[in-house]
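This report describes a single protein chain.

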Amino acid sequence: MVLKPEGGTSFTWDPATDPATSASTFVKSSNGSLCPTPCDATSFTVTLAYQDTLGNALNSTQNTGVVVDTLTRTPQLTAPLGSTAYKSPLEVKYKIPEVPLANSVALVFTNSSGDVVYANLTDANNGDNEITLSLDIFDITASSGVRQATQSRLFDGIYSVHV
């Protein structure tokens with residue numbers, strides 16, 4: 001049998017020679033093209049079709065608007081700004097465009113000597129909203145929004161900050 005998704009490329013599937021099962025899943029992207037591997041945040045139509053062992057007509061069903069999420073979207077760190085001197089408290093602003101996995105949000109401070117301080121943040125971010133933290137650089141772990149840190153304070157120095 002030849003199947004042709006709307007706007008897509010034809011391909012052949014023979015249930016009699018399918019070694020795994022008489023059912024298969026066919027995936028096409030929202031623009032109709034076949035996708036050998038899913039693309040992140042692409043809307044798919046998923047069609048399940050099979051033919052029984054008696055050779056009766058093929059039957060199928062489909063769901064549209066299926067979204068496959070395979071990538072973590074890039075967070076935005078809007079403060080502190082680079083090339084600027086700060087004192088305590090250090091204001092940190094960030095935005096995560098989707099709901100994060102529990103306990104996975106961390107600030108990473110790396111100084112010019114390569115020393116690293118990780119601050120694991122609380123799960124206050126429910127996705128797509130900006131979070132503002134006021135960090136006490138002399139006692140990071142006491143700062144609201146910080147679950148734990150590898151070091152209690154930041155020493156004088158030049159840091160790169162990543163979320």
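Strands (E, at least two residues) and helices (H or I, at least four) are DSSP runs, numbered from the N terminus. The model is predicted: local features need pLDDT of at least 70 and side-chain atom pairs count only at pLDDT 80 or more, while totals for chains, interfaces and linings use all residues. Residues are numbered from 1 along each chain as its sequence is written, and side-chain values use heavy atoms, with hydrogens and water left out.

The protein chain has zero helices and 12 strands. Buried means under 20% relative accessible area, exposed over 50%, and partly exposed in between (1.4 Å probe, protein chains only). Of the 163 residues of the chain, 28% count as buried. A contact means heavy atoms within 4.5 Å. Among contacts between residues at least 6 apart in sequence, 48% join residues at least 24 apart.

Most residues other than glycine have a negative phi, and most peptide bonds are trans. The table lists departures from this.

| Site | Feature | Value |
|---|---|---|
| Alanine 79 to proline 80 | cis peptide bond | omega about 10° |
| Serine 88 to proline 89 | cis peptide bond | omega near 0° |
| Serine 83 | positive phi | near 55° |
| Asparagine 103 | positive phi | about 65° |

The loop between β6 (76-79) and β7 holds proline 80. Serine 83 lies in the loop between β6 and β7, and proline 89 is placed in the loop between β6 and β7 as well. Serine 83 is exposed, at 87% relative accessible area. Asparagine 103 sits in the loop between β7 and β8 and is partly exposed, with 43% relative accessibility.

A nonpolar core is a set of buried Ala, Val, Leu, Ile, Met, Phe, Trp, Tyr and Cys residues joined through side-chain atoms within 4.5 Å. The largest one has 17 residues, of which Val92, Tyr94, Leu107, Phe109, Leu121, Leu133 and Leu135 touch the most other members. At least two residues of this core come from each of β7 (90-96), β8 (106-111), β9 (116-121) and β10 (129-135). The most, four residues, are given by β7. Leaving out residues up to four places away in sequence, leucine 121 touches Tyr94, Val105, Ala106, Leu107, Leu133, Gly145, Val146 and Arg147.

Rings of Phe, Tyr and Trp (its six-membered ring) pair if their centres lie within 6.5 Å; planes under 30 degrees apart count as stacked, over 60 as edge-to-face and the rest as tilted. By this rule there is one aromatic pair. The ring centres of phenylalanine 109 and tyrosine 159 are 6.4 Å apart and the planes stand at 85°, so the pair is edge-to-face. The pair links distant parts of the chain, with phenylalanine 109 in strand β8 and tyrosine 159 in strand β12, 50 residues apart. Phenylalanine 109 is buried at 1% relative accessible area, whereas tyrosine 159 is partly exposed at 22%.

A pocket is an open set of points on a 1 Å grid over the protein atoms alone, where a 1.4 Å probe fits, with protein on both sides within 12 Å along at least five of seven lines; lining residues have an atom within 4 Å of a point. Grid points are joined across faces, edges and corners, and a volume is the space filled by probe spheres set on the points. The largest pocket has a volume of about 470 Å³. Among its 20 lining residues, Thr84, Tyr86, Gly157, Ile158 and Tyr159 are the closest to its centre. Strand β12 (residues 159-162) supplies the largest share of the lining, three residues.
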